[in-house]
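Let's take a walk through a protein model together, moving from its sheets to a helix and then to its aromatic rings. Have a look at the structure first, and keep it beside you as you read.

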Amino acid sequence: MPDVVLKNRIRLRAGCEFAYDLASAVPALVQVTARRGEVAHVLRETWETHPHARMDDLSDLYGNTIHRATLGPGIARIRYDATVEVPAEPDAARPDARQHAIEELPAGALHYLLASRYCESDVLAPVAADLFGSAPAGWPLAQAVCDWVHANLGFRYGSSDSTTTARDVYERREGVCRDFAHLFITFCRALNLPARYVFGYLPDLFVEPAPTPMDFYAWAEVYLGGGWWTFDPRNNQRRAGRVVIGRGRDAVDVAMMTTWGRAELVGFEVWAEEVAP
C-alpha cells in the first residue's frame with residue numbers, strides 16, 4: 001500500500017461521459033452531478049452534450065440534483081466534469097454510537113426503516129434475526145452486518161442487472177457494489193437500523209488502485225447516535241475522497257440515467273482522481 005500523506009483538503013477531478021443510441025427522441029433524467037452542501041466542495045463543473053440538449057436543473061424528494069433533457073434521436077453523448085475539494089481524512093467513525101428506539105427516531109430516519117424496491121427487509125427479516133440476533137445494538141450491530149456482507153459476497157461484474165434485489169444477492173452470494181449496499185441496507189432495516197443508499201464517485205486515494213476501470217460507486221449510511229454514518233460493505237474500510245451524487249431508499253432513487261423510451265448504452269467512462277491545486 002502506498003505511503004499515506006494526509007493534508008487538510010485534496011482536490012479531485014470527477015466526472016463521467018456516456019453515449020446512448022436512441023431510435024427516437026426521448027425525455028431523460030440524468031443524475032451524475034456532485035451533490036451541493038456536502039463535505040465535498042464543488043469548485044467548478046461543466047456539461048457537454050452532443051448533439052446539444054437543454055439541461056434543466058431539478059431537485060427531487062431527497063434533495064438530490066437531477067437534470068432533465070430530451071435526447072436523440074441517434075447517438076447522444078453527455079459529458080460531466082467537475083473539480084471538487086474533499087477532506088483528506090477517511091470516513092468518520094463513532095464506535096460508541098447508540099441505536100435509537102424507534103419511537104425516538106426523527107421522521108426523516110423513519111422512512112429508511114421501510115422495505116423498498118431493491119431492499120426487501122420484510123422478506124429477509126428472519127434471516128437477519130438468525131444471523132445478527134445476538135450482536136450488540138448500535139454501531140457494533142451495523143459493523144457486524146457490514147463484516148458479514150463483505151465476507152460472504154463475491155464481487156463480480158455482470159452478476160446482476162436492473163432487476164436484481166437484495167434477496168437475489170443473498171441467494172447468489174455475489175454482485176457489484178450496489179448489490180453489496182442493497183443487502184447491507186436490507187439487513188440493517190430488518191434490525192431496526194435506519195439505512196439509506198448513497199451513490200457517487202470514489203477515487204483510489206491512499207489505497208492500491210483497482211485493476212478494473214473506474215466506475216460509479218455505491219455505499220450506505222446508517223442513522224446512529226443522532227447522525228448518519230458511512231458504511232462501505234464492498235470495501236469494508238474507511239476511505240477518503242467520497243463525492244456524493246445522491247441518496248435515497250435504494251438504486252431506484254439515484255439512477256445515473258432514467259429514460260422514457262428505448263435507449264441502448266454504447267459508451268461509458270467515469271473518472272475520479274487527485275489533481276494539483
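We begin with an open sheet of four antiparallel strands, ordered β4-β5-β2-β13. Strands here are DSSP runs of E with at least two residues, helices are runs of H or I with at least four, and both are numbered from the N terminus. Two strands pair if DSSP finds at least two bridges between them. At the edges lie β4 (56-59) and β13 (257-259), each pairing on one side only. On average, neighbouring strands of this sheet are turned by 30° against each other, direction ignored. Take β4 and β5 (residues 65-71) as an example: four bridges join them in the antiparallel sense, and Leu58 has Ile66 in β5 as its bridge partner.

Before going on, please note that this is a predicted model, where local features need pLDDT of at least 70 and side-chain atom pairs count only at pLDDT 80 or more, while totals for chains, interfaces and linings use all residues. Residues are numbered from 1 along each chain as its sequence is written, and side-chain values use heavy atoms, leaving out hydrogens and water.

Another open sheet of four strands runs in the order β3-β6-β1-β14, again with antiparallel pairing. Its edge strands are β3 (41-50) and β14 (263-274). Eleven bridges connect β1 (residues 9-22) with β14, and Asp21 stands opposite Glu264 in β14.

Now find helix α3 (residues 139-152), which has 14 residues. Which of its residues are buried, that is, under 20% relative accessible area with a 1.4 Å probe, protein chains only? They are Trp139, Leu141, Ala142, Val145, Cys146, Trp148 and Val149. These buried residues pack against several elements, including α2 (125-132) and α5 (177-190).

Finally, let's turn to the rings. The whole structure holds 19 aromatic pairs; rings of Phe, Tyr and Trp (its six-membered ring) pair if their centres lie within 6.5 Å, and planes under 30 degrees apart count as stacked, over 60 as edge-to-face and the rest as tilted. Tyr62 and Tyr112 make a tilted pair, 6.4 Å centre to centre with 45° between the planes. Tyr62 sits in the loop between β4 and β5 and Tyr112 in the loop between α1 (107-110) and α2, so the pair ties together parts that are 50 residues apart in sequence. Tyr112 counts as buried, at 7% relative accessibility. Ring pairs also link Tyr62 and Tyr112 with Tyr223 and Trp228 into a cluster.

Note on methods. The expected span of a helix is 1.5 Å times one less than its number of residues. Buried means under 20% relative accessible area, exposed over 50%, partly exposed in between (1.4 Å probe, protein chains only). Contact means heavy atoms within 4.5 Å. Axes are lines fitted to C-alpha atoms, for helices over the stretch in contact, and angles run from 0 to 180 degrees between N-to-C directions.
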